[in-house]
Amino acid sequence: MPSKKMGRPPSDKPKSELIRVRADQEILSKLDACTEKLKTTRSDVIRKGIEKVYDELQK
């Protein structure tokens, strides 16, 4: 009997692209405050911010 593969299932939208961003300490502090309040990651907060700005531009 073959063993099942362990780990996470493959994602529908794999996040394979890496973006480096330069930020000052004030922006980094704000980002970290958001992550604590929302109980999520820096990446998720940045993604949500991009979506919000994009949606506003579409109006």
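Predicted model: local features only at pLDDT ≥ 70, side-chain atom pairs only at ≥ 80, totals over all residues.
Student: Is Thr 35 buried or exposed?
Tutor: Thr 35 is buried, since its relative accessible area is 11%, and the cut-off for buried is under 20%.

Student: And which residues does Thr 35 touch, leaving out those up to four places away in sequence?
Tutor: With those set aside, the contacts of Thr 35 are Thr 40, Thr 41, Arg 42 and Val 45.

Student: What share of the chain's residues count as buried?
Tutor: The chain has 59 residues, and 5% of them count as buried.

Student: How many helices and strands are there in the chain?
Tutor: The chain has two helices and zero strands. Its radius of gyration is 17 Å, well over the 10 Å that the globule rule gives for 59 residues, so the chain is more spread out than a compact globule.

Student: What does the C-alpha trace span along its principal axes?
Tutor: The spans of the C-alpha trace are about 55 × 30 × 25 Å.

Student: Let us turn to the loop between α1 and α2; which residue is found there?
Tutor: Lys 39 is a residue of that loop. Its phi is near 55 degrees, which is a positive value in a residue other than glycine.

Student: Is Lys 39 buried or exposed?
Tutor: Lys 39 is exposed, because its relative accessible area is 73% and exposed requires over 50%.

Student: New topic: how many salt bridges does the structure hold?
Tutor: The structure holds three salt bridges.

Student: Which side chain does Lys 30 meet in a salt bridge?
Tutor: Lys 30 meets Glu 26, at 3.4 Å from N to O. Both residues lie in helix α1, four residues apart, which is about one turn of the helix.

Student: How accessible are Lys 30 and Glu 26?
Tutor: Lys 30 counts as partly exposed, at 47% relative accessibility. Glu 26 is exposed, with a relative accessible area of 52%.

Student: What about Asp 32; which side chain does it meet in a salt bridge?
Tutor: Asp 32 is paired with Arg 42, at 2.9 Å from N to O. Asp 32 belongs to helix α1 and Arg 42 to helix α2, so this pair ties together parts that are 10 residues apart in sequence.

Student: Where do Asp 32 and Arg 42 stand in accessibility?
Tutor: Asp 32 counts as partly exposed at 24% relative accessibility. Arg 42 is partly exposed as well, with a relative accessible area of 40%.

Student: Now the largest pocket: what is its volume?
Tutor: The largest pocket has a volume of about 680 Å³.

Student: How many residues line the largest pocket, and which lie nearest its centre?
Tutor: The lining comprises 17 residues. Those nearest the centre are Ile 19, Ser 43, Ile 46, Arg 47 and Ile 50. Arg 47 is the residue that forms a salt bridge with Asp 44.

Student: Which helix gives the most to that lining?
Tutor: Helix α2 gives the most, with six residues. Both α1 (25–38) and α2 (42–58) supply at least two residues each.

Student: Lastly, how many nonpolar, polar and charged residues does the lining have?
Tutor: The lining of the largest pocket has nine nonpolar, two polar and six charged residues.

Terms used: Residues numbered from 1 in each chain as written. Heavy atoms only, no water. 1 Å grid on protein atoms, 1.4 Å probe; cavity = no way out; pocket = protein on both sides within 12 Å on 5 of 7 lines; lining within 4 Å. Points joined across faces, edges and corners; volume = space filled by probe spheres on them. Nonpolar A, V, L, I, M, F, W, Y, C, P; charged D, E, K, R; others polar. Buried < 20%, exposed > 50% of the residue type's maximum accessible area, 1.4 Å probe, protein only. Contact = heavy atoms within 4.5 Å. Salt bridge = Lys/Arg side-chain N within 4 Å of Asp/Glu carboxyl O. Rg over C-alpha atoms; globule rule 2.2 N^0.38 Å.
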